[in-house]
Amino acid sequence: MADLTPGVACALSPLVRRVLAPNPGVMTGPGTNTYLVGIDEIAVIDPGPDDADHLDTVASCGGDRIRWILVTHTHNDHSPGAAGLKARTGATVMGFGARDDFEPDEAVGDGFRVEATEFRLRAVHTPGHASNHLCYLLEQERMLFSGDHIMQGSTVVIAPPDGDMGAYLEALQRLKTLGIKSIAPGHGHLIEDPLAKIDEYLTHRGEREMAILRAMEDGAGTVDAVVERVYVDVPEELHPIARYSVHAHLLKLSFEGKVQGVDLDGEWSLAAR
Ligand SMILES: [Zn+2]
């Protein structure tokens, strides 16, 4: 497996290179992956944080052949580098829309295509982790740039209100229909068995949902009480993050009429049958 070392461009396929940003952490794993797609004309996917050394490395890999800067979503480990990379290359910045200090030159949505001489990238709207999340499919290699919709090495945090568990699961199902051969995630290594990974995610979420309902049958009536009972396999320092995912599950179950409640810190109960 190709190394994840910051500051070094690593070839993943004939058309794709990866540069790891120097921002490892609990939420980012080894750091944010910045991808360069193409040789003569280059699209950069997720410039990452506004880190001068990282942006210099990315720019030096492509120079003025970098024509497009695409952002999967506007969280601070993915989009803040866009302005600095644009200043270095003159490329056009694209993303779902202006938010979180991100200002695209062009707002793009589901079905948008970047047409380059050697390749085509198609945007797929995948809300769930963030409502403005786009994945990008490299049609020539059937490689999906999945941002934080799918990561290697961990599951994804779904934090309401911008995060939406129902939308997230629906978007995962849709990805299964796209004929994807590999997934280049926003964090971690290339995923070479995409359908197995997506099924693993769907199974994991389904099991969590069942466990949450069981915890509530056992009397848990708040997000914290559910986390205590359900997340026994997760280190306690991650429980504050798990609260968001439990809240997201409960909101989905509420939408389906199975539970009642609203707030992260409020009371939750099973719906009367
Ligand atoms: Zn991220």
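Me: What is the division of the second largest pocket's lining into nonpolar, polar and charged residues?
Reply: In this predicted model, that lining has five nonpolar, four polar and five charged residues. Charged means Asp, Glu, Lys and Arg; nonpolar means Ala, Val, Leu, Ile, Met, Phe, Trp, Tyr, Cys and Pro; the others, Gly among them, are polar. D101 and E103 therefore count as charged, while A82, A83 and F102 count as nonpolar.

Me: How much space lies in the second largest pocket, and which residues are closest to its centre?
Reply: The second largest pocket holds about 150 Å³. Of its 14 lining residues, A82, A83, D101, F102 and E103 are the closest to the centre. Helix α2 gives the largest share of the lining, three residues. Helices (H or I, at least four residues) and strands (E, at least two) are DSSP runs numbered from the N terminus.

Me: How are residues numbered, and what limits apply to the predicted model?
Reply: Residues count from 1 along each chain as its sequence is written, and side-chain values use heavy atoms, without hydrogens or water. Local features need pLDDT of at least 70 and side-chain atom pairs 80 or more, while totals for chains, interfaces and linings use all residues.

Me: What makes one space a cavity and another a pocket?
Reply: Escape. On a 1 Å grid over the protein atoms alone, a 1.4 Å probe fits in a cavity but cannot get out; a pocket is open, with protein on both sides within 12 Å along at least five of seven lines. Lining residues have an atom within 4 Å of a point. The structure holds one cavity of 30 Å³ or more. The volume of the largest cavity is about 40 Å³. Its lining is V71, T72, H73, T74, G95, F96, G97, F102, N132 and L134. Four of these are nonpolar, six polar and none charged.

Me: What volume does the largest pocket have, and what lines it?
Reply: About 790 Å³ of space lies there. Its lining has 34 residues, and M27, T155, V156, V157 and I241 are the closest to the centre. The division is 14 nonpolar, 15 polar and five charged. Helices α4 (194-217) and α6 (239-255) each supply at least two lining residues. Helix α6 gives the most, with four.

Me: Why is the pair of W68 and F119 called edge-to-face?
Reply: The centres lie 6.4 Å apart and the planes stand at 80°, so the pair is edge-to-face. Rings of Phe, Tyr and Trp (its six-membered ring) pair within 6.5 Å; planes under 30 degrees apart are stacked, over 60 edge-to-face, the rest tilted. W68 is in strand β5 (residues 66-70) and F119 in the loop between β8 (113-115) and β9 (120-125), so the pair ties together parts 51 residues apart in sequence. The whole structure has two aromatic pairs.

Me: How do you know that the charged end of R208 sits over the ring of Y231?
Reply: The charged end of R208 is 4.0 Å from the ring centre of Y231. The rule asks for NZ of Lys or CZ of Arg within 6 Å of the centre and within 35 degrees of the ring normal.

Me: What makes D77, H78, D148 and H187 donors of the zinc ion?
Reply: Distance. Their donor atoms lie 2.0 to 2.7 Å from the zinc ion. Donors are N, O and S atoms within 2.8 Å of the metal (3.2 Å for Na, K and Ca). The spacing in sequence is D-H-x69-D-x38-H. D77, in the loop between β5 and α2 (81-89), and D148, in the loop between β11 (143-147) and α3 (165-175), are 71 residues apart.

Technical notes: Grid points are joined across faces, edges and corners, and a volume is the space filled by probe spheres set on the points.
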